[in-house]
Amino acid sequence: MTTDASARAIKPELLRTYTEDFNKDRANLIAADAAVSAGVLKAATDYRGVRALPRDFSIELKQGSITNQERSGRCWMFASLNTLRYELMHRWNLEDFEFSETYLFFWDAMEKSNTYLENVLRTLDEATDSRLFEAINWGPSDDGGWWQMFAALVNKYGLVPKSAYPESENSRNSDDFKQYLNSKLREFAAELRRRSVAGASEDELRALKDEYMGTVYRICAVSLGEPPEKFDFFARTKDDAEADADGKAESCKCEGESDAKACKCDKDKSDKPKTGKDERPQIREIGITPLEFYKKYVPVDVNDFVTLANAPLKNRPFNRRYRIRFSANVAEAGDMEFVNVPLDVFKKAALDQLTAGHPIWFACDCTQFALRKDGFFDQSVVRVDQLFGTEFTGDKAHGLEYGDSPSNHAMTFTGVNLGEDGKPNRWKVENSWGKDAGKDGYYVMSDAWFDRFVTELIIRKEYLDDATRALLTTEPVELDPWLPLTRRCR
């Protein structure tokens with residue numbers, strides 16, 4: 001299309017028409033007063049939509065204290081660990097528990113750095129402005145990620161409690177740490193490519209990469225402190241529990257007895273003198289390794305979960321398995337995979353897992369029609385259509401195809417409310433933005449918002465239907481690199 005410059009410009013006579021139309025509509029003036037004074041989201045908040053989303057749920061899981069990723073892009077890691085800590089707490093009858101997010105953050109930075117340099121070696125013939133190399137070079141060791149990256153780290157390095165490796169300033173606010181790590185990695189990449197052009201062999205280049213990784217380790221250790229090789233673990237179980245020979249906490253075996261006076265547990269309690277001493281059963285481990293801790297205390301296998309996607313795109317047909325090239329964080333673990341399924345299959349898997357008493361990692365676009373401070377995800381709450389006087393009609397396919405609503409945040413489903421028809425109408429969401437965001441750290445999501453903006457679920461294989469489970473053995477369709485959750489969603 002070729003037109004002259006005047007045809008492409010905003011015409012002065014049209015501007016006069018726009019301002020006349022704007023000012024003669026009283027609704028526009030009221031909307032402008034509200035938005036300019038309070039901001040778009042507050043001005044667009046519909047109290048009727050808020051009242052239509054109460055914070056009670058027919059199915060609700062009891063979780064630990066709310067967590068806080070602060071100013072970092074570790075949402076995927078927090079959501080993953082929140083999913084596992086629920087299982088650990090209820091297996092061992094603990095009041096509360098939190099894993100060390102910093103421990104996996106350290107090893108993720110190391111592994112992403114190594115994989116980035118390996119990918120540079122794999123693409124030495126690519127021009128630096130090729131789409132492939134630009135995707136690889138986008139964020140060599142940025143914070144973002146997905147469940148399968150988490151699983152790869154846990155398989156290799158295990159897990160530790162937060163007490164063994166607490167937060168640091170650079171895990172809470174990761175920008176400076178990652179800025180200079182990424183800058184150094186790109187310098188290393190340029191030197192590897194220069195040495196390759198000069199005739200260096202693959203063995204020589206890989207030896208140089210190993211030398212570079214020593215610098216990466218130093219940057220990570222200076223920023224976060226070295227992670228523990230072994231640690232001591234101590235926890236107290238709930239008052240209504242006793243620890244068995246293996247350290248497992250068990251509830252009183254008299255529960256449900258018709259004659260409460262005959263219960264030995266009650267007698268033992270009443271015979272003990274009242275003191276200020278904490279008499280709850282203890283779990284103690286001295287010198288346990290992170291892998292030993294994961295295998296002993298976490299009652300689920302991170303490899304028993306599957307990534308389900310609901311991406312209604314023509315170039316991503318449903319009921320197929322996909323693999324995303326160059327998407328690994330741990331080089332030897334392989335690239336990330338997912339199964340794309342229709343919405344009804346997607347949602348049923350979520351309902352079955354929650355109903356069975358297990359939380360769900362999920363990813364979505366947390367910015368669209370969201371009151372992030374007050375804790376609502378719902379298009380009927382954020383009425384920007386009314387505020388601006390225009391409908392927003394894009395569907396899920398449009399949002400994904402045009403990049404309007406890509407996944408940018410991971411959280412955890414810990415509840416759902418079922419209506420009289422047995423269908424969900426709202427979902428309970430555990431976030432990782434601290435207890436001052438939402439209602440004590442929790443959010444409520446309408447079912448319509450789930451349909452429109454939730455794109456990935458991590459589901460235990462036992463809650464997949466037979467047809468979806470069969471797809472796990474099919475040959476995956478290879479996809480070009482797909483940027484992970486790299487930006488903070490705060």
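This tour goes from a surface patch to a helix and then to a strand. The model is predicted, so local features need pLDDT of at least 70 and side-chain atom pairs count only at pLDDT 80 or more, while totals for chains, interfaces and linings use all residues. Residues are numbered from 1 along each chain as its sequence is written, and side-chain values use heavy atoms, with hydrogens and water left out.

**Surface patch.** Select Ile10, Leu14, Leu15 and Tyr18, which make a nonpolar surface patch of about 420 Å². Areas are Shrake-Rupley values with a 1.4 Å probe. Tyr18 lies in helix α2 (residues 12–23) and is partly exposed at 48%; buried means under 20%, exposed over 50%, and partly exposed in between. Helices (H or I, at least four residues) and strands (E, at least two) are DSSP runs.

**Helix α9.** Next, select residues 147–157, where 8 of the 11 residues are buried, so the helix is largely enclosed by the rest of the structure. Among the buried residues are Trp147, Phe150 and Tyr157. Their cover includes α6 (75–92), α7 (101–122) and β15 (454–460). Glycine 158 follows α9, with a positive phi near 75°.

**Strand β14.** Finish at residues 442–446, with 5 of the 5 residues buried. Tyr442, Val444 and Ser446 point one way, Tyr443 and Met445 the other. β14 pairs (at least two DSSP bridges) in the parallel sense with β11 and in the antiparallel sense with β13, over 5 bridges. Valine 444 is the bridge partner of phenylalanine 376, and methionine 445 that of tryptophan 427.

Technical notes:
Patches are made of residues with over 30% relative accessible area and no salt bridge: like charges are joined within 9 Å, nonpolar side chains (Val, Leu, Ile, Met, Phe, Trp, Tyr) within 5 Å. A salt bridge is a side-chain nitrogen of Lys or Arg within 4 Å of a carboxyl oxygen of Asp or Glu. Buried means under 20% relative accessible area, exposed over 50%, partly exposed in between (1.4 Å probe, protein chains only). Contact means heavy atoms within 4.5 Å.
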